[in-house]
Amino acid sequence: MAVLAAMVLASPAHAVAGDAQSPAGGAAIRFCVDEANPLSATDLAVAQAVAAQSGLRAEIVKLNTGDDGVGGDSDDAKIDPAKAFAKMAKQCDLVMGVPVEASGFGVPKGLQATKPYARTGFVMATTGAPVQGFAAMAAKADIGVDFLTVPNGYFNTQTAHAEHVYYTNDDLLSALLKGEVGSAMVWQPWLVREETAHPHALRTAIMSMPDAAWNVVALYTPQAAAQARAFNQGLERLKQAGQLKTLVAPYQAADE
């Protein structure tokens, strides 16, 4: 759950009703979308497209967990993301943009997950040299990682010399661009958002390492099971129509 806390935080006190999309009137699915989550544009696009495929209205509840929470909500989310997701799920049928391990592990107790709609993860990034396997990269040059993230666990006694730990993604990317490290392992959605705003033509690849690949799902309570079924059905139609791949680019469409 520490990984979830670092990637998707919840601050329900800052929820704002968003605009509804597709058929006027009739049944709706209410989606929570966190604008501070670097996946938010993808989450919104998928939510609206899935609802349209199901002939339902997409009602969007916009959150911004980048703001400090009222009454300690933001701090609570960092300490207990499961509690934060549960709060969000009370405001909407589906909480979008939640990364879970590709094995399915990591769904908070009391909540359930839809079928995954995108696959992302921790990427190895370089400023020009081709990305190779982890051992080869560690043998060549130092590797930068963010503090308390999955890549911290990849280093052993043979590769520990290559690990350089940074406390923010900004510091990690800065070190890579300055040549302080030969490569960096970064959460892909964060890097995509940063590179969209400030392109650096980096080479990236998701590594074949434990827990490097993550699926993106929506979470829901048992009370929203009907809406989740509608979501899964609409998602399957998007896949069959070949539209999901475009909606989630530059991430991979989930293959489950």
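This is a predicted model: local features need pLDDT of at least 70, side-chain atom pairs count only at pLDDT 80 or more; totals for chains, interfaces and linings use all residues.
Residues are numbered from 1 along each chain as its sequence is written, and side-chain values use heavy atoms, with hydrogens and water left out.

Q: Why are H2 and H8 called roughly perpendicular to each other?
A: The axes of helix H2 (residues 40–53) and helix H8 (residues 225–240) cross at roughly 95° and come within 8 Å. Axes are lines fitted to C-alpha atoms, for helices over the stretch in contact, and angles run from 0 to 180 degrees between N-to-C directions. Angles under 35 degrees count as roughly parallel, over 145 as roughly antiparallel, 65 to 115 as roughly perpendicular and the rest as oblique. H2 and H8 are therefore roughly perpendicular.

Q: Which residues make the contact of H2 with H8, and what is their division by class?
A: Contact means heavy atoms within 4.5 Å. On H2 the contact residues are Val46, Ala49, Val50 and Gln53, and on H8 they are Ala230, Phe231, Gly234, Leu235, Arg237 and Leu238. Seven are nonpolar, two polar and one charged, where Ala, Val, Leu, Ile, Met, Phe, Trp, Tyr, Cys and Pro count as nonpolar, Asp, Glu, Lys and Arg as charged, and the others, Gly among them, as polar.

Q: How do you know that the span of H2 agrees with its 14 residues?
A: The expected span of a helix is 1.5 Å times one less than its number of residues. For H2 this gives 20 Å, and its end C-alpha atoms are 20 Å apart, so the two agree. H8, with 16 residues, reaches 23 Å from its first C-alpha to its last, close to the 22 Å expected.

Q: Why does threonine 159 count as buried?
A: Buried means under 20% relative accessible area, exposed over 50%, and partly exposed in between (1.4 Å probe, protein chains only). Threonine 159 has 11% relative accessibility and therefore counts as buried. Threonine 159 is found in the loop between strand S7 (143–146) and strand S8 (163–166). Beyond its neighbours within four places in sequence, threonine 159 is in contact with Phe134, Ala138 and Tyr154.

Q: Why is aspartate 211 called partly exposed?
A: The relative accessibility of aspartate 211 is 37%, so this residue counts as partly exposed. Aspartate 211 is in the loop between strand S10 (203–206) and S11, and its phi is near 60°, a positive value in a residue other than glycine.

Q: Which elements pack against the buried residues of H8?
A: The buried residues of H8 pack against S2, H2, S4, S11 and H9. Those buried residues are Ala228, Ala230, Phe231, Asn232, Gly234, Leu235 and Leu238.

Note on methods:
Helices (H or I, at least four residues) and strands (E, at least two) are DSSP runs, numbered from the N terminus.
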